[in-house]
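Please open the model in a viewer and keep the selection panel at hand. The stops below proceed one selection at a time.

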Amino acid sequence: MKLAVIGSGYVGLVAGACFSNTGNDVTLVDVDPRKIEMLQQGRTPIYEPGLTEVIQRNAAEGRLAFTTDLPSAVASAEVVILAVGTPSAADGTVDMQYIEMAARQVARAMTGYTVVITKSTVPVGAHSRLTELMSGETAQPFDYVANPEFLKEGAAVSDFLKPDRVIIGLTSQRALSIMRHLYAPFMRRSERLLVMDPASAELTKYACNCMLATRISFMNEMARLCDHYGANIDLVRQGMGGDQRIGPDFLYASLGYGGSCFPKDVKALISFGRAAKQPIHIVEAVHAVNELQGEQVFRRISRHFGDKLAGRKFAMWGLAFKAGTDDVRESPAIALAQRLLGAGASLAVHDPQALDTARAALGDKDVAYCRHMYEVLPQADALIVCTEWPEYRSPDFRRMRQTLKQPLIFDGRNLYDLDWMADLGLHYVSVGRPAVGGPK
Ligand code: NAD
């Protein structure tokens, strides 16, 4: 089939590349000419494991093309996928300007029957609004399909190729048979296409992200209780995760959740509830706990230094909102860095993939960006671990102890064993676990 994908960010790039990989002719469209130029030159604008290989192979085979010319890409497409951003507006509602603009442009460019799929995360009811808006711009027949995307950054290509399930929200049989055809190559082992009405599909996406965020905030609250009562959140987590009704995923205490999806989707669900005069109390609390968590980690560091951070230097490992990505949108590491800078500290930071994106967020004042993870340590008053990259999991602790100005580590990801750290003589403060090795 001929596909046009509107928006070549984390979702559009992965979806476009993976659909071309199953033999479709895909044109990736973006308004950002730099992104398209990079792609045309064989470079990938984002870091996502395995993505470059899929893009390069399919581009070389002539199945994947890149353009800023939306009308020409849409004119020849049977299927158009909307994958533009739907960020939070200042009041927490969803800012629909990009998707509405893209939908209008698509409608004007269609030349015959088209299936228009929305992969962007859009509010419940967006299907009616977007259908109406497009109908106002075209006389061509089309069917609208809500097809929310569940890929995880850091594992996006494998998630897309082997989805847990694919949610399809539509009302048209004609569109359904095209959707079945499009996804058939991903369903060979077992059928995992769930067909429902568009509103249910739209709400499912928010419900999933908010449930996952709920687990994280819940564990962060348990971690605070652990701190108070001298319990260990890791043991509590293992005890909980071993219960098959609960399972082990998304039970890690940390600096809080971040990224381009959870924070905005949590705020959006809160706004849907308020608009419906059905406040979603749990999700309101999830958001409040997450805000508090970032603040608490900062306060813990600040208290350690008698609330005098001006002139201190901190080493940071990890800036991306999680391992496996260069995405720093709403990253708790960036928020913590900003708090430390705001208090007058300076930083030396490392991240295996996110140095450039972090520089765009933090700027150069009082921040040294280091290509090597041990380069951040000299003269630092403490090391703060913010992202769970594999290379931080088993580092050279002796070297760290010798290089840091004082052997102090704040770990926002609970990466290290408490006994191990105590034996090494490191003062180690993690989340929801007893501090070890500090002054007696
Ligand atoms: P992104 O910001 O990385 O990419 C969006 C792209 O759309 C940008 O490159 C932008 O330039 C382009 N764009 C905007 N308007 C355009 C237009 N009119 N024509 C062509 N291109 C246009 O965003 P993303 O992270 O890929 O997210 C896209 C959507 O998918 C959001 O709704 C998000 O909530 C959802 N989503 C994201 C993820 C994720 O992990 N990032 C996962 C699931 C769902």
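**Stop 1: the two domains**

Of domain 1, 18 residues are in contact with 17 residues of domain 2, contact meaning heavy atoms within 4.5 Å. To display the two parts, select residues 2-196 as domain 1 and 233-429 as domain 2; these bounds come from an automatic or database domain assignment. The model is predicted, with local features requiring pLDDT of at least 70 and side-chain atom pairs pLDDT 80 or more, whereas totals for chains, interfaces and linings use all residues. Numbering runs from 1 along each chain as its sequence is written, and side-chain values use heavy atoms, leaving out hydrogens and water. Taken over C-alpha atoms, the centres of domain 1 and domain 2 are separated by 32 Å.

**Stop 2: the interface**

Between them, domain 1 and domain 2 bury about 1,200 Å², 53% of it on carbon and sulfur atoms; buried area is the accessible area (1.4 Å probe) that two parts lose on being put together, summed over both. Now select Y10, Y47 and E153: in domain 1 these lose the most area to domain 2, together 45% of what that side buries.

**Stop 3**

The whole structure holds 24 salt bridges. Select E137 and R104, whose side chains form one at 3.4 Å, N to O. This pair links distant parts of the chain, 33 residues apart: E137 is in the loop between α6 (126-135) and β6 (142-146), and R104 is in helix α5 (residues 97-109). Helices (H or I, at least four residues) and strands (E, at least two) are DSSP runs, numbered from the N terminus.

**Stop 4: helix α2**

Select residues 33-40, helix α2; at its start, a side-chain oxygen of D32 reaches to within 3.0 Å of the backbone nitrogen of R34. Just after α2, G42 takes a positive phi of about 85 degrees.

**Stop 5: an aromatic pair**

Which arrangement do the rings of Y206 and F272 adopt? Their centres are 4.8 Å apart and their planes at 85 degrees, so the pair is edge-to-face. Rings of Phe, Tyr and Trp (its six-membered ring) pair if their centres lie within 6.5 Å; planes under 30 degrees apart count as stacked, over 60 as edge-to-face and the rest as tilted. Y206 lies in helix α9 (residues 198-229) and F272 in helix α11 (residues 262-275), so the pair ties together parts 66 residues apart in sequence.

Methods. A polar contact is a pair of N or O atoms within 3.5 Å; within protein, one must be able to donate a hydrogen and the other to accept it, and residues adjacent in sequence count only if both atoms are side-chain atoms. A salt bridge is a side-chain nitrogen of Lys or Arg within 4 Å of a carboxyl oxygen of Asp or Glu.
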